[in-house]
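This report describes the chain architecture, the nonpolar cores and the charged contacts of the structure shown below.

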Amino acid sequence: MATLENDQDTILRASIDRSLRHPVMFFFTSGAAWLAVAILLGIISSAKVHSPGFLDSCPWMTYGRVTAAHQTALVYGWGCQAAFGMAIWLMARLSRQTCRNAGVILTAGHVWNLALSLGVIGILAGAGTGMPWMEMPSFAWMPMLLSYIAIVVGSMVQFKVRPEGHTYISQWYLMAALIWFPWFFGSAHLLVHGFSGSPLGAAGVNAWFRSAMLLMLFAPVGIAMAYYLVPKVLGRPVYNYSLSLIGFWSLAIIAPWAGMQKLTGVPIPNFLPYLGAFAAILFAVPAAMAGINLLKTATTDLATVNESPTLRFTVWGLIFLLIFGLASVLLNLPSVMRITQFTISGYGYDVLGVYGFFSFIAFGAIYFIVPRITRREWLSRRLIKSHFFLSLYAVFGIALVAIFGGLMQGVGQETFTSAWEDAADRVVPYAVMTTVSWCFLLVSNFFFFVHLTLMWLRLGRRSSHPTLLVEPHHHDPHGPEGDIDNAGPAVH
Amino acid sequence: MVEPDFSAYPMQDPHKPDLDDSLNVTESHDRLVREAAAVAREKRVNDGGREPVSLWLFAASAVILIAAGLALGKAGNFFDYDEYVQPGYMRDNLNEGGDEGPPPVDALKGYMAKGEKVYGKCIGCHGPDGKGGGAYPSLAGSQWVLGETDRLAMIILNGLQGPTSTGKTYGVMPAQGIGMSPTDLASVMTYIRNAFGNTKGDVVTVAMATEGIKISEGRAKAGQPLTKEELDADHAKDLPGDPLDPAAKVDPVTLNPVEEGK
C-alpha cells in the first residue's frame with residue numbers, strides 16, 4: 001500500500017543510493033577487473049605446479065612472482081575493493097545517511113588502485129618481499145592505508161550520527177571490520193617494514209596478518225552483508241537475535257589470536273603457534289553461529305532463494321562459510337597441522353575463504369546493489385546463471401581439491417625415506433584439477449565482468465521487474481518480463 | 001548536511017495536512033516506483049527473530065571447543081618466551097618412533113643396486129652394456145672380472161697396462177681407486193660380476209674390499225698401473241674375508257647385514 005511515509009522512506013533510500021553511485025560502482029567494476037587479472041595469474045601459477053616448463057623462459061613469469069602477484073591481485077584488487085564497496089553502501093543504508101564525500105572516496109579509490117598496480121608490477125619485476133599477502137614492495141602500504149582511511153572515515157561518521165534506536169547487527173560487524181583493518185594492516189606493515197627486527201619476528205607478524213585479513217576483514221564484512229541481504233530480500237526476521245550477538249562477540253574475542261599456527265615447529269616461543277591453532281579452530285564457532293542463523297532464516301522460503309540471484313549467491317556463500325569453519329577445525333588440529341604445513345592445503349583454505357565464502361556473498365551483494373544505484377535491472381538471467389554455476393564448480397574444484405590434495409602431499413612428505421619427488425608427484429592430479437577450475441572461473445568471471453560493465457555503462461534493462469533466475473511466465477497478464485520500457489517511458 | 005533529494009519527487013510535507021490540490025499523491029508515487037523500482041519494492045530488514053535455537057548447535061560448538069582444547073594442550077607454558085619448539089616435535093633419530101628407515105633387501109640385490117650407481121664412472125669407456133668396444137675391452141665374460149677377486153680389485157684401484165686376459169693390448173686404464181670407499185669397491189665389483197650377462201652369483205663384501213684397498217696400498221709400485229706379469233705373480237688369489245650368502249638381508253644404504261626379524 002502506497003503511503004506517504006513509505007514513499008518518503010523510498011526517497012531517502014534512493015537518495016542514499018544515488019549519492020554513492022560513483023564510488024560504489026568504481027569499487028565493484030575495478031574489483032571485477034582485478035579479479036580477472038588475479039584469475040589469469042592464478043591459471044599461470046597453478047599450471048606451473050604440474051608443468052614447471054610453462055613460460056619458464058620469462059623471469060617476470062616465474063612461479064614465485066606469479067603466485068605472489070596472483071594472491072595480491074585477488075586479495076587487494078578484488079577482495080578489499082569489493083569489501084569497500086559493500087561496507088560504504090551498507091553503512092550508509094543502515095545509518096540512513098547520504099554520502100557527502102563521494103569525491104574523496106573516489107579519489108582515494110584511485111590512489112588505492114595506483115598503489116596496488118605499482119605494487120603488483122613491483123612483484124612481477126622481482127621486488128616482492130617474499131611474505132605472503134604482504135608481497136608488495138614497501139612503498140605501497142602507506143598510500144593504501146591512507147586511502148583506506150579516506151574511504152571509510154565517512155562511514156564511521158555516518159554511524160556516529162545515525163538516528164537513535166536499534167543498532168542493526170550488520171553495523172556491529174561493519175564497525176568492527178572498519179576499526180580492525182587499519183589496526184592490523186598498519187601495525188603489521190609497520191613492524192615488518194618500519195623496524196629492523198628479526199626476520200623470524202617478521203614471519204610471525206606476517207602469519208598473523210594473513211589470518212587477520214581473512215578473519216578480521218573478509219569474515220566480518222561478508223557476514224555483515226549476509227545479515228542484511230537475507231532478511232532484506234526475504235522480508236523475514238533473522239532467525240534468532242541472541243545468536244547473532246553471540247556470533248559477533250565470539251568472533252571479536254577469538255579472531256585476533258589466530259594466525260601463528262602457520263609457524264609450528266619454528267623457533268618462536270612454543271605457546272604462540274598452539275594458541276594460534278586454538279583460536280583458528282574456535283573460529284568455527286562464530287562461523288557456525290552466523291552461518292546457521294542465516295541459513296535457518298533462508299530455509300523458510302527456499303523458492304525465493306532459488307529465484308533471486310542475490311540470495312542464491314549469498315546462501316551458497318554462507319554454506320561455504322560453514323565449510324570454511326569446518327576446514328579451520330580440521331586443518332588446525334595439531335596432528336593434521338604438521339602434515340599440511342608445507343602443502344597446498346593452506347592455499348585451498350585461503351581460496352575457500354576469499355572466493356568461496358567472501359566472494360559469493362560479494363557477488364550476491366553486487367547483484368542486489370547495482371540495480372539500485374544504476375536504476376537499471378540486470379540484462380540476462382543466463383549470464384547470472386553461468387556465473388553462478390561455473391563459480392560454484394570452480395570453488396569446489398580449487399578449494400576442496402587443494403585441501404584434500406595437500407593432505408595427500410603431506411602424507412607423502414612424511415614418508416621421508418622415499419624421494420621428495422614422490423610427494424610432489426602425488427600433487428600433480430590435484431594441481432591439474434586446480435588449473436582446470438581456474439579456467440572455469442575465468443569463463444565465469446568473463447560473464448560477470450561483461451554484465452557488470454554493461455550495467456556500469458547504464459545499459460541495463462529499464463524495467464520495474466527484477467531479473468530472476470526462473471523461467472518467465474509466458475502467459476503473464478502483465479506481458480513478458482523482459483520488455484524494455486515496460487514501466488513506461490523515462491520521464492527525464 | 002545534504003538532505004535527501006525530495007525535490008526530484010514533488011510531494012507534500014507529511015506534517016502538513018493534505019490540502020494542495022496541485023499535487024497528485026498517486027501520480028508522484030507511480031513516478032517514484034517507475035524511476036527507482038528496485039528501491040521501491042524493497043522490504044524492511046529485521047534482525048529481531050526469537051526462534052528457539054536448536055541444541056545441536058551448542059553441541060557442535062562443544063565439539064569445536066574440545067578440538068580447540070587439543071591444540072591448546074600442546075602449548076606448554078603460556079607466555080613463556082624462553083621455551084621454543086616442543087621436545088619431541090622433531091625426530092631426534094631417523095630410526096625412532098616406528099620409522100625404521102628403508103626396508104632391508106637381499107645382499108646381492110642391495111650390492112648390485114649400489115654398484116650400478118658406482119659403475120656410472122666406468123660407463124664412459126666400458127659402455128652401459130659393459131661390452132667396451134673399439135679401444136676398450138669388454139667386461140662381459142672376461143676371465144679377470146669373473147676370476148680371482150684380488151686381481152679384479154687391483155685393476156680397478158690402480159688401472160692396467162699391457163695385454164688383458166684375452167692377450168690383446170688396449171690403451172692404459174687409469175687408476176680408479178682415488179676416493180673410492182670399500183663400499184663403492186665392493187658394490188661395483190659385485191655389480192660387474194653379475195651384470196652384462198655375467199652370472200657369478202656371489203657377493204664381494206665390504207670387508208673383502210677393505211682388505212683389497214690395504215693390499216693395493218701395500219704394493220711396491222703403489223699407484224702405478226698393473227701389468228699381466230704382476231697380476232699373475234702377486235694377485236692371482238681371492239681377497240680374504242668370510243663369504244656372504246647372496247640371499248642374506250642387508251641395509252640398502254649402508255650395505256651392513258641386518259638381522260632377520262628386526
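A contact means that heavy atoms lie within 4.5 Å. Among the contacts in chain B between residues at least 6 apart in sequence, 62% join residues at least 24 apart. The model is a predicted one.

## Architecture of chain B

Chain B contains ten helices and two strands. From the N terminus on, its elements follow the order α-α-α-β-α-α-α-α-α-α-α-β. Of the 262 residues of this chain, 32% count as buried. Its accessible surface comes to about 15,100 Å², and 56% of that area belongs to carbon and sulfur atoms.

## Nonpolar cores

The largest nonpolar core has 178 residues, of which Tyr76(A), Trp89(A), Phe184(A), Met213(A) and Met225(A) touch the most other members. Helix α7 of chain A (residues 199-234) supplies the largest share of this core, 23 residues. Leaving aside residues up to four places away in sequence, Met213(A) touches Val75(A), Tyr76(A), Cys80(A), Trp133(A), Phe181(A), Phe184(A) and Phe218(A). Another core, of 35 residues, lies apart from it and includes Leu152(B), Ile192(B), Val203(B) and Ile213(B).

## Helix α1 of chain A

Helix α1 of chain A has 16 residues (4-19) and should span 22 Å at 1.5 Å a residue; its end C-alpha atoms are 22 Å apart, in agreement with that value. Its buried residues include Asp7(A), Asp9(A), Arg13(A) and Asp17(A). The buried residues of α1(A) pack against α2, α3, α4 and α14 of chain A, together with α1 and α2 of chain B.

## Salt bridges

Over all chains, the count comes to 20 salt bridges. In one of them, Asp9(A) pairs with Arg96(A), the closest N and O atoms being 2.1 Å apart. This pair links helix α1 of chain A to the loop between α3 and α4 of chain A, and its partners are 87 residues apart. Asp9(A) is buried, with a relative accessible area of 13%, whereas Arg96(A) counts as partly exposed at 29%.

Arg375(A) and Glu35(B) also form a salt bridge (4.0 Å, N to O). Arg375(A) lies in the loop between α14 and α15 of chain A and Glu35(B) in helix α1 of chain B, so the pair joins two chains. Both of these residues, Arg375(A) and Glu35(B), are buried. In chain B, Asp106(B) and Lys249(B) form a salt bridge with closest N and O atoms 2.9 Å apart. Asp106(B) belongs to strand β1 and Lys249(B) to strand β2, 143 residues apart. Asp106(B) is partly exposed at 31% relative accessible area, and Lys249(B) is partly exposed at 26%.

Conventions:
Residues are numbered from 1 along each chain as its sequence is written. Chains are lettered from A and ligands numbered from 1 in the order in which they are written. This is a predicted model: local features need pLDDT of at least 70, side-chain atom pairs count only at pLDDT 80 or more; totals for chains, interfaces and linings use all residues. Side-chain values use heavy atoms; hydrogens and water are left out. Helices (H or I, at least four residues) and strands (E, at least two) are DSSP runs, numbered from the N terminus. Buried means under 20% relative accessible area, exposed over 50%, partly exposed in between (1.4 Å probe, protein chains only). Accessible areas come from the Shrake-Rupley method with a 1.4 Å probe; for residues, only the protein chains shown count as cover. A nonpolar core is a set of buried Ala, Val, Leu, Ile, Met, Phe, Trp, Tyr and Cys residues joined through side-chain atoms within 4.5 Å. The expected span of a helix is 1.5 Å times one less than its number of residues. A salt bridge is a side-chain nitrogen of Lys or Arg within 4 Å of a carboxyl oxygen of Asp or Glu.
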